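Subject: Structure handover and findings

Hello,

Here is the structure for you to look over. My notes follow it.

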Amino acid sequence: MFRKYALTVILLLVSIVLFLGDRRGRLERADFIGKTIYYPFMHSIKSIDQIFELKRQNEMLYNRNAELQVRQRSLEEQLLKLQQIPDAATNIRYTVANLVGYHGDFGNRNLIIDQGYTAGIEVNNPVISSNGVVGKVIVAAANHSIILPLNHPEFKLGVLDRRSRDQGLLESDAGGKVSMSMIPLDATIAVGDTIITSNLSRVFPRGFPVGVISKVVKIPGESYQKAELQPFAKFAGMEQVIVLLYQRETDFDELPNAENQDAP
Amino acid sequence: MIIVGFYLLGILFLYAQILLGGSLSIIGVIPNLLLGYIIYTSTRLSLNFSVLLAFLFGLAYDLTYPLQLGLGSMTFVLIAAIVNLYHPSLNKEKPAYVALGILTINVVYFFFMSIYHLIAYKYTGFLLLRLPLSVVYNTIVSFVIVTVLAFFNRLGIHVRDDQ
């Protein structure tokens, strides 16, 4: 009878001995058993725990990465929006003027507006519409002004690709076709890129939208490439323009001559 | 050789308990998959083998909860002995009797666990809130495990190979 239950009794006694004592004692015994008899089991459990922990961390990092990507995308969009706003847009005064006529022959035609220097307009003031750059003031009379539009052959403007930040020069041919020239050959401009005014412009503040690239032209042998633009400003049917009462402060002509400065 | 098979099956249940137990929890009650295994094993093996496996896996399970070291192995050995001794007198043709037997085993198991909680943590919330759910949930899980194991072995749970 006793032999039948001997093992059961022994195992029960061993269990009770293991259970007796304080918490610290049980922890020490568990630690000892885990490092000796049950080492393979405990080692495997720890390994599995580590795998689960790594998996959890991986998921957390994956989610964090996704969040950051979304955040980055959001910030990029915000940055693009901010880049459309001129640096000192809030400080620039402006006046709205009506387009009242044209000056010059077809192909060299300028715009006449019903506001002049009595409204604060000066020569070289930038002119925009709700869509984008229109041109600049070339004559400011008392009650009217003449605007040189951006599709005039004499109009030049420093611009840049908003995405690739490649600089260029906006100019137009006699037919009114607007293009961006002087683009370096290694520039990464592409069709669909938005062109904005650059900091190199002597007339416009940086960041005003000009147009979108409709075609990239690379002529073999040329050291620069060219891009045809579709201006945002719609001259046909234009009724009002916004004259920015703004003058660039830097007068590069007054800078000291470096050659003379270096001379003894 | 059957003892080796049950030992390997026990390892399977032990890892299942550790890896899957948490995901099977209901309102914080983690089912004890090993309990069903111990009950089934004790109906199939002799007393000594049953209590030996119960002790080994009970101790392994205790190592994952070191503060209750010895308690799991002790209750498992007791349960293995009780099942081994009294299951022949149970009419296993009727599932209700089997379920009742498993319920009794679960009550025994959680009786010991409750005493431990009372002594160690002075925590009566376990008894009032989670004990009834633990007993019911574990009874269901144990019944399913015993039934599935019996089915897969193409044996009735009343058959003992070593007799």
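I start with L53(B), which sits in helix 3 of chain B, residues 47–64. Helices here are DSSP runs of H or I with at least four residues, strands are runs of E with at least two, and both are numbered from the N terminus.

First, the ground rules. This is a predicted model, where local features need pLDDT of at least 70 and side-chain atom pairs count only at pLDDT 80 or more, while totals for chains, interfaces and linings use all residues. Residues are numbered from 1 along each chain as its sequence is written, chains are lettered from A and ligands numbered from 1 in the order in which they are written, and side-chain values use heavy atoms, with hydrogens and water left out.

**Confidence**

The model has an ipTM of 0.84 and a pTM of 0.53. For chain B, the mean pLDDT (the predictor's confidence in each residue, from 0 to 100) is 83. In that chain, 86% of residues reach 70 or more. Helix 3 of chain B has the highest confidence in the chain, at a mean of 93. Helix 5 of chain B has the lowest, at 82. Watch residues 156–163 of chain B, where pLDDT is below 50. In the model this stretch still has 24 contacts beyond near neighbours in sequence. Contact means heavy atoms within 4.5 Å.

**Around L53(B)**

L53(B) counts as buried because its relative accessibility is 2%. The classes are buried under 20% relative accessible area, exposed over 50%, and partly exposed in between, with a 1.4 Å probe and protein chains only. Leaving out neighbours within four places in sequence, L53(B) is in contact with I3(B), F6(B), Y7(B), Y37(B), T41(B), L45(B) and G58(B). S42(B) is 11 residues away from L53(B) along the chain, and their C-alpha atoms are 9.2 Å apart.

**The interface of chains A and B**

The contact count is 28 residues of chain B against 25 residues of chain A. The buried area is about 2400 Å², and carbon and sulfur atoms give 79% of it. Buried area is the accessible area (1.4 Å probe) that two parts lose on being put together, summed over both. Three residues, L63(B), L67(B) and L69(B), supply 26% of what chain B buries against chain A, more than any other three.

Across this interface the rule finds 0 salt bridges. A salt bridge here is a side-chain nitrogen of Lys or Arg within 4 Å of a carboxyl oxygen of Asp or Glu. The rule does find 6 residue pairs in polar contact, with both residues at pLDDT 80 or more. A polar contact is a pair of N or O atoms within 3.5 Å; within protein, one must be able to donate a hydrogen and the other to accept it, and residues adjacent in sequence count only if both atoms are side-chain atoms.

On the chain B side, helix 1 (2–20), helix 3, helix 4 (71–86) and helix 5 (95–121) each give two or more residues. Helix 3 of chain B gives the largest share, 10 residues. By type, the chain B side has 23 nonpolar residues, 5 polar and no charged. Ala, Val, Leu, Ile, Met, Phe, Trp, Tyr, Cys and Pro count as nonpolar, Asp, Glu, Lys and Arg as charged, and the others, Gly among them, as polar.

Over all chains the structure holds 6 salt bridges.

- R24(A) and E28(A) meet at 3.4 Å, N to O. They are 4 residues apart in helix 2 of chain A (residues 23–35), so about one helical turn separates them. R24(A) is exposed at 62%, and E28(A) is partly exposed at 47%.
- E53(A) and R56(A) have their closest N and O atoms 2.8 Å apart. Both lie in helix 3 of chain A (residues 39–84), 3 residues apart. E53(A) is partly exposed at 33%, as is R56(A) at 45%.
- D193(A) and R163(A) meet at 2.8 Å, N to O. D193(A) is in the loop between strands 8 and 9 of chain A and R163(A) in the loop between strands 6 and 7, so the pair ties together parts 30 residues apart in sequence. D193(A) is buried at 8%, whereas R163(A) is partly exposed at 48%.

**One loop residue**

S201(A) is in the loop between strand 9 (194–197) and strand 10 (209–217) of chain A. S201(A) is buried, at 4% relative accessibility. Not counting residues up to four places away in sequence, S201(A) touches L157(A), G158(A) and R248(A).

Best wishes
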